[in-house]
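Here is a short report on one protein chain. Look at the fold, then follow the text through selected residues.

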Amino acid sequence: MPLYIPKHRLLVHLSGIVEILLGIGVCFDATRKLSTFGIILMLGVFLSVHFYMLSGEKASAGIPRWILLLRIPLQFLLMYWAYCYAYI
């Protein structure tokens, strides 16, 4: 997580809880579109983490650069997949 973001541990826990709630939300017709929109937003926010991990060796957490680069288009693919799930 980028250093300019405060309270890393808290934010990781909160984002995990939100991910679980959004995952449950896609299971019901009444909340599917809203939950999918939330998932797409979260995936967009998480892009900043992927770019941050490309900024240096310490930030990469020992993950090979090619994997870090592969995660960026994968993130957009996941956003498209989520969109298709709810809106197509």
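Is H50 buried or exposed? H50 is buried, because its relative accessible area is 10%. Buried means under 20% relative accessible area, exposed means over 50%, and partly exposed lies in between (1.4 Å probe, protein chains only).

This is a predicted model, in which local features need pLDDT of at least 70, side-chain atom pairs count only at pLDDT 80 or more, and totals for chains, interfaces and linings use all residues. Residues are numbered from 1 along each chain as its sequence is written, and side-chain values use heavy atoms, with hydrogens and water left out.

**Overall fold**

The protein has three helices and zero strands. Its pattern along the sequence is α-α-α. Helices (H or I, at least four residues) and strands (E, at least two) are DSSP runs, numbered from the N terminus. Along the principal axes, the C-alpha atoms fill a box of roughly 45 × 25 × 15 Å. The protein has 88 residues, and 26% of them count as buried. Its accessible surface comes to about 6,500 Å². Carbon and sulfur atoms hold 75% of that surface. Areas come from the Shrake-Rupley method with a 1.4 Å probe; for residues, only the protein chains shown count as cover.

Contact means heavy atoms within 4.5 Å. Take the contacts between residues at least 6 apart in sequence: 50% join residues at least 24 apart.

H50 sits in helix 2. Beyond its neighbours within four places in sequence, H50 is in contact with R71, I72 and Q75. H50 and Q75 are 25 residues apart along the chain, yet their C-alpha atoms are separated by 9.1 Å.

S60 lies in the loop between helix 2 (32-53) and helix 3 (65-87). Not counting residues up to four places away in sequence, S60 touches M53 and L68. A polar atom of the S60 side chain lies 2.7 Å from the backbone oxygen of E57.

**The aromatic pair**

The whole structure holds one aromatic pair. The ring centres of Y83 and Y87 are 5.2 Å apart and the planes meet at 20°, so the pair is stacked. Rings of Phe, Tyr and Trp (its six-membered ring) pair if their centres lie within 6.5 Å; planes under 30 degrees apart are stacked, over 60 edge-to-face, and the rest tilted. Y83 and Y87 are about one helical turn apart because they stand four residues apart in helix 3.

**Accessibility by residue**

| Residue | Relative accessibility | Class |
|---|---|---|
| S60 | 8% | buried |
| H50 | 10% | buried |
| Y87 | 35% | partly exposed |
| Y83 | 39% | partly exposed |

Methods. Polar contact = N/O pair within 3.5 Å; in protein donor to acceptor, adjacent residues only side chain to side chain.
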